[in-house]
Amino acid sequence: MNTGIISSRYAKALLLYCESTGGGEKVAAQVRSILANPEQLKSEQLQPELQRFVSLLIENGRVADVRLYLHSFLEMYHASRGIKLVHLSTCVAAPGLEDRLRVLLEKEFGCKVIFETEVDPSLIGGFTLQVGDRMLDASVRRQLEKIRREFVIENNRLV
């Protein structure tokens with residue numbers, strides 16, 4: 001079977017159910033939390049809508065693909081609310097950068113922006129920013145790699 005079609009159907013059902021109960025924001029926040037740290041699922045009490053959804057998955061033998069369904073739900077939820085999900089990686093924690101980028105991105109896209117932040121020391125400096133399928137790599141690591149490639153190309157010409 002096509003898991004993409006199935007996941008979108010289950011996700012849409014959860015979205016419609018959350019809209020009917022008015023618990024969409026709480027469920028979306030909990031789904032983000034669970035996807036970021038699956039270990040939380042054991043200690044965290046699920047929202048009633050999410051509990052009913054998981055019961056439905058168990059009942060229909062679909063629990064193996066629960067992460068796919070939850071990702072699809074978040075995509076649909078964000079699209080329905082006009083929210084862009086932004087992934088920001090920095091070499092050190094930079095809360096001021098997130099605030100400045102939020103203002104710029106909300107102005108650029110004309111919608112609310114939610115950040116997923118990550119500290120990645122391998123960037124050396126700067127940051128990477130991903131919005132949907134767009135990627136901005138302003139890291140020192142990328143700049144050094146670009147210089148290295150140019151150096152190799154120039155040296156190959158000399159030989």
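This is a predicted model: local features need pLDDT of at least 70, side-chain atom pairs count only at pLDDT 80 or more; totals for chains, interfaces and linings use all residues.
Residues are numbered from 1 along each chain, and side-chain values use heavy atoms, without hydrogens or water.

Helices are DSSP runs (H or I, at least four residues), numbered from the N terminus. Glu49, Leu50, Phe53 and Leu57 of α4 are buried (under 20% relative accessible area). They sit on the same side of α4, because they cover an arc of only 95 degrees around the axis, taken from the directions from the helix axis to the C-beta atoms. The buried residues pack against α1, α2 (24-36) and α5 (66-81); contact means heavy atoms within 4.5 Å.

Phe53 also pairs with Tyr10. The pair is edge-to-face, 6.4 Å centre to centre, with 70 degrees between the planes. Rings of Phe, Tyr and Trp (its six-membered ring) pair if their centres lie within 6.5 Å; planes under 30 degrees apart are stacked, over 60 edge-to-face, the rest tilted. Tyr10 and Phe53 are 43 residues apart.

| Residue | Helix | Relative accessible area |
|---|---|---|
| Tyr10 | α1 (residues 3-21) | 14% |
| Phe53 | α4 (residues 48-59) | 5% |

Ring pairs link Tyr10, Phe53 and Tyr69 into a cluster. Just after α4, Gly61 takes a positive phi of about 70 degrees.

Key: Helices (H or I, at least four residues) and strands (E, at least two) are DSSP runs, numbered from the N terminus. Buried means under 20% relative accessible area, exposed over 50%, partly exposed in between (1.4 Å probe, protein chains only).
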